[in-house]
Amino acid sequence: MAAVTEEFDVAVVGGGPAGSTFAALVAKQGHRVVVLEKENFPRYQIGESLLPSTIHGVCRLSGAADDLAKAGFPLKRGGTFRWGARPEPWTFAFSVSPRMAGPTSVAYQVERSKFDDILLKNARKQGADVREGCSVRGVIEEGERVRGLTYADADGNEREIRARYVVDASGNKSRLYNKVGGTREYSDFFRSLALFGYFENGKRMPEPNRFNILCVAFESGWFWYIPLSDTLTSVGAVVRREMAEKIQGDPEKALRALIDECPMIADYLSDATRVTEGQYGEIRVRKDYSYHHTTFTRPGMMLVGDAACFVDPVFSSGVHLATYSSLLAARSLNSVLEGKVDEDAAMKEFEARYRREYGVFYEFLVSFYEMHRDENSYFWQAKKVTANSEPELQSFVELIGGVSSGEQGLMNTDALSERLADNSEEFATAVEKFAANEDGSSVPLFSSSVVRNAMQEAGQVQMRALLGEDAEPETPMFPGGLVSSPDGLYWLPATTA
């Protein structure tokens, strides 16, 4: 039987956060979008700790934020780390910056099966044709250009889609990423393995940090401890490659042995029981998860999210990079489909911004891992990664809020200016004390310009989502580059923004 052929503007492979976010942002502009997801949602996934930029920026633009707010996910106010030579944990809060005060000073800890399902339903709501249980076989090529794809539908029928663009959002296990050309290159530095499971009735930190992510370094690596509800906790050990023997054999015994190596996590789990049934009943392993592809695009095709790159879980950048890359890709294809910019310029802007975001996270995290071994090394590396001459206060504010070049505020700009003027002296004193470790809750890495750059675009996305047409004109991130439109959904030449 001949394959059934359909036509769309964009065919998206994968319905996770990258694919569903991209689909929503393009379909809501009236373009014909189909999403092919091999599984049936809800389904299990790791990557449960989110950043404010995802919730208040990208998800606000895609239309999913209100549904997420109704889901009752625990509020994540910041992060708590037992990391470095200092024996006591230190904590940072998103609300330290006045530009992230109020409702945008929190993110969520999420059960990904629920979170991803909300995003996929939102893609449908925004007009995307979402098809679950569909396995993509390959892409259709005509010369140098991708023109569509082939897949098997939920009943096993072979089908064909012709599309102006194919977007691969199928994650780290993508079978299509190499169709853009280039190679996937794994990090020599982050060659680690993760062993993780779920526990009921683990301890919680005192308020207001009850639902913070807790990261604890120990001799063999580090643990994440993510509270997903009042009782359910995601617990994972990340170990260095040379320690691989520690996770071989019986996974239950291996995880318990690693917990016993880390007194703080052992204490938090002292009265807990491991979940042994349902989607959380398995102890899972993931390895060699830090990589990037040498190219993200080719004519007619783009890689977004984990299909393109992944850094490391320690600062919860995975879903951020997935959804942020999808916003960049959506801007590119919205612009090309409506004739606002040419394809070459749009693709270059997408890849340059996405590589920059990946690059600053990577550079920062390399330094962070080097610093955890010794306090003197920790301070030296923090200084080493500082790449500008800005004052410490300004660097700190931009780090937390990400409000440099381009979009100017997280709230009404007039109110923001007045608030900053009224509170500048008090805030400066507070931040100087914070940066000097006088209150015992800060770390010098927050003055790093590399970290500031990593957060810059995330803050811009939040501001664009909240201000919309009231946002002030943006300047290009790169010489001769494009800028985002006032609504955040297109690229524009800088002269017409």
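Modeller: Leaving aside its neighbours within four places in sequence, Asn212 is in contact with Arg77, Gly78, Gly79, Thr80, Thr91, Phe92, Gln109, Met205, Tyr225 and Pro227. Contact means heavy atoms within 4.5 Å. The structure is a predicted model, in which local features need pLDDT of at least 70 and side-chain atom pairs count only at pLDDT 80 or more, while totals for chains, interfaces and linings use all residues. Residues are numbered from 1 along each chain as its sequence is written, and side-chain values use heavy atoms, with hydrogens and water left out.

Biologist: What does pLDDT express, and what is the average for the protein chain?

Modeller: pLDDT is the predictor's confidence in each residue, on a scale from 0 to 100. The protein chain averages 80, and 75% of its residues score at least 70. Over residues 371–455 pLDDT stays under 50, although the model has 147 contacts beyond four places in sequence for them. Where pLDDT is low, the predicted coordinates should not be read in detail.

Biologist: Where does Asn212 lie, and is Asn212 buried or exposed?

Modeller: A residue is buried under 20% relative accessible area, exposed over 50%, and partly exposed in between, using a 1.4 Å probe and protein chains only. Asn212 has 1% relative accessibility and therefore counts as buried. Its place is the loop between strand E12 (192–200) and strand E13 (213–218). Helices (H or I, at least four residues) and strands (E, at least two) are DSSP runs, numbered from the N terminus.

Biologist: Which polar contact does the side chain of Asn212 make with another side chain?

Modeller: A polar contact is a pair of N or O atoms within 3.5 Å; within protein, one must be able to donate a hydrogen and the other to accept it, and residues adjacent in sequence count only if both atoms are side-chain atoms. The side chain of Asn212 makes such a contact with the side chain of Thr80, at 3.2 Å. A polar atom of the Asn212 side chain also lies 3.2 Å from the backbone nitrogen of Gly78.

Biologist: How many residues of helix H4 are buried?

Modeller: An α-helix has 3.6 residues a turn, so residues three or four places apart point the same way. H4 (residues 112–125) has 14 residues, and ten of these are buried, leaving the helix mostly covered. Among the buried ones are Phe115, Ile118, Leu119 and Asn122. The buried residues of H4 pack against several elements, including helix H1 (17–27), strand E2 (33–37) and helix H7 (318–337).

Biologist: What span is expected for H4?

Modeller: The expected span of a helix is 1.5 Å times one less than its number of residues. H4 reaches 19 Å from its first C-alpha to its last, close to the expected 20 Å. After H4 comes Gly127, with a positive phi near 115 degrees.

Biologist: Which strands pair with strand E10 in the parallel sense?

Modeller: Strands of a sheet pair through backbone hydrogen bonds, either parallel or antiparallel. Here two strands pair if DSSP finds at least two bridges between them. Strand E1 (residues 4–13) runs parallel to E10 over nine bridges, with Phe8 opposite Ala163. Strand E20 (residues 301–303) is also parallel to E10, over three bridges, and Val166 has Met301 as its bridge partner.

Biologist: In which sense do strand E9 and E10 pair?

Modeller: E9 (residues 145–152) and E10 pair in the antiparallel sense over five bridges, and the bridge partner of Gly148 is Arg162. The two strands form a hairpin with five residues between them, and Gly156 in the turn has a positive phi of about 85 degrees. Eight of the eleven residues of E10 (residues 158–168) are buried, so E10 is largely enclosed by the rest of the structure.

Biologist: How many aromatic pairs does the structure hold?

Modeller: Rings of Phe, Tyr and Trp (its six-membered ring) pair if their centres lie within 6.5 Å; planes under 30 degrees apart count as stacked, over 60 as edge-to-face and the rest as tilted. The structure holds twelve aromatic pairs. The ring centres of Phe296 and Tyr354 are 5.0 Å apart and their planes stand at 45 degrees, so this pair is tilted. Phe296 is in the loop between E18 and strand E19 (297–298) and Tyr354 in helix H8 (residues 343–371), so the pair ties together parts 58 residues apart in sequence. Both Phe296 and Tyr354 are buried. Elsewhere, ring pairs link Tyr44, Tyr198 and Tyr280 into a cluster.
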